Amino acid sequence: MTYEPTLKHARQRDEADPLSGYRQRFALPRDANKQPSLFLCGHSLGLMPIEARTLVNEELDDWSRLAVLGHEHARRPWIPYHENLTAGLTHLTGAQPGEVIAMNSLTVNLHLMLASFFRPNGRRTKILIETGAFSSDRHAVTSQLAWHNLDPAQHLIELMPPPGSDSIPEDAIEACLAKHGADIALLLWPGVQFRTGQAFDLPRIARAGHLVGCVVGFDLAHSIGNMPLALHDYDADFAVWCSYKYLNAGPGAIGGCFVHERHFKDSHLTGWWGHEEKTRFRMEPLFRPANGIAAWQISNPPILAAAPLIASLAIFQDARIERLRAKSIELTGFLEFLVERLGPDARFITPRGVDSRGCQISIRIAGSANSPTRGRRVFERLGERGVVCDWRDPDVIRVAPVPLYNTFEEVFRFSEHLAEVLREIP
Ligand SMILES: Cc1ncc(COP(=O)(O)O)c(C=O)c1O
């Protein structure tokens with residue numbers, strides 16, 4: 001792929017982009033002066049699909065018009081509401097029927113999955129995660145260990161990147177499993193690392209975990225809607241995600257969960273919404289599980305937090321994740337090409353190969369002897385110029401051009417802003 005560092009080239013790429021029309025289906029944010037923002041933060045909270053407002057309003061209308069009767073008579077009846085989301089999630093996750101569901105939010109689903117699948121037994125009592133895992137994941141696994149009377153100091157293994165590196169090669173994970181596998185009950189790994197943007201070879205990790213007898217679960221917060229997934233074929237045991245990042249379903253949106261079909265008979269934590277639908281309202285004391293992952297539902301779903309996801313998934317089903325990924329590789333490749341030209345002041349910590357990253361690139365801003373907080377100041381100055389990206393302590397700016405709504409021109413303009421700001425803040 002060849003790029004040129006010019007606005008003209010960026011505009012030509014946009015004109016030739018068959019997916020450029022999807023941008024119109026999103027609300028584009030504006031800054032305090034009502035100027036369009038340069039939004040490159042879909043890895044944190046994706047933009048609002050315009051259709052989301054209509055769908056939420058329809059639920060409000062049906063609630064005001066029908067009250068309790070909306071459970072059965074709303075345009076999209078509320079009792080089986082999650083079914084509106086299944087086809088879209090199946091497309092994005094590569095699940096088999098019954099393996100995927102929208103429910104709760106990420107950390108809640110993670111606790112449910114750990115309660116179901118972390119079964120310490122004999123010497124197999126440990127959990128393996130990465131050093132620098134997202135804080136909530138670490139909190140969840142340490143509290144689950146403690147719940148089993150296992151001291152996290154002894155029973156949590158955290159794998160560090162090799163010295164001098166920010167990323168963890170898959171062979172380091174394999175080596176760790178070969179060494180400690182007989183003691184590990186469960187391995188929890190991200191699809192894409194939130195700080196570095198490293199994308200992992202998930203089937204390889206699942207294989208390595210299973211080879212030594214571990215349960216393998218994935219946190220896909222930064223993967224779903226970013227890269228195509230084939231969770232069934234990867235042979236993952238479970239996976240969890242949120243829907244407010246690349247899935248554009250809004251703040252606090254309903255999350256999602258995958259359980260491989262071989263576990264459908266395993267025990268779930270039960271609640272009435274996981275009961276088979278046709279007899280649920282008999283309210284009998286005996287729990288009869290619904291088919292597949294629906295048995296893990298527990299509570300009735302938050303309709304108003306699920307409606308925007310319908311709008312977003314319809315866009316994904318239309319655009320197709322494979323085509324979005326092809327554009328994403330070019331868009332992020334253009335960003336890499338342009339930022340690379342800025343020299344050692346802006347160093348990539350995201351791995352360079354396209355298979356080892358998604359949309360996001362994480363840039364470490366070099367400090368200088370007189371200004372160790374330079375990175376933070378560069379980030380703030382970008383914000384003053386209308387660039388929306390984000391900051392992760394101590395020195396990383398995260399930027400993600402999202403193929404559904406970002407353009408090559410925006411990527412070019414970002415690199416120009418960054419170049420100027422680096423000159424302003426030496
Ligand atoms: C990688 C990762 N895991 C877990 C979470 C926690 O998500 P939630 O608040 O939906 O539980 C986030 C949130 O941003 C995340 O990025």
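I started with the ligand in this predicted model. Around the ligand I found Ser105, Leu106, Thr107, Phe134, Asp137, Asp219, Ala221, His222, Tyr244 and Lys245. I sorted this shell by type: four nonpolar, three polar and three charged residues.

A polar side-chain atom of Thr107 sits 2.5 Å from a ligand oxygen. For Lys245, a side-chain N or O atom is 2.9 Å from an oxygen atom of the ligand. Leu106 uses a polar backbone atom, 3.3 Å from a ligand oxygen. I then checked cover: the ligand has 400 Å² of accessible area on its own, and the protein covers 81% of that.

I moved on to the aromatic rings and counted 13 pairs. I took Phe134 and Phe194 as one of them: the centres are 5.0 Å apart and the planes stand at 80°, over the 60 degrees needed, so I logged the pair as edge-to-face. Phe134 lies in the loop between β3 (126–130) and α6 (135–147), and Phe194 in the loop between β5 (184–190) and α9 (202–211), so this pair ties together parts 60 residues apart in sequence. Phe134 is partly exposed at 35% relative accessibility. Phe194 is buried at 9%.

Trp272 is partly exposed at 36%, while Trp273 is buried at 3%. Arg280 lies over the face of Trp273, 4.0 Å from the ring centre.

Last, I noted another charge over a ring: the charged end of Arg352 is 4.5 Å from the ring centre of Phe348. I also logged one aromatic cluster, formed by Tyr3, Phe334, Phe337 and Phe408.

Key:
Residues are numbered from 1 along each chain as its sequence is written. This is a predicted model: local features need pLDDT of at least 70, side-chain atom pairs count only at pLDDT 80 or more; totals for chains, interfaces and linings use all residues. Side-chain values use heavy atoms; hydrogens and water are left out. A residue is near a molecule or strand if one of its heavy atoms lies within 4 Å of it. A polar contact is a pair of N or O atoms within 3.5 Å; within protein, one must be able to donate a hydrogen and the other to accept it, and residues adjacent in sequence count only if both atoms are side-chain atoms. Accessible areas come from the Shrake-Rupley method with a 1.4 Å probe; for residues, only the protein chains shown count as cover. Ala, Val, Leu, Ile, Met, Phe, Trp, Tyr, Cys and Pro count as nonpolar, Asp, Glu, Lys and Arg as charged, and the others, Gly among them, as polar. Rings of Phe, Tyr and Trp (its six-membered ring) pair if their centres lie within 6.5 Å; planes under 30 degrees apart count as stacked, over 60 as edge-to-face and the rest as tilted. Helices (H or I, at least four residues) and strands (E, at least two) are DSSP runs, numbered from the N terminus. Buried means under 20% relative accessible area, exposed over 50%, partly exposed in between (1.4 Å probe, protein chains only). A charge sits over a ring if NZ of Lys or CZ of Arg is within 6 Å of the ring centre and within 35 degrees of the ring normal.
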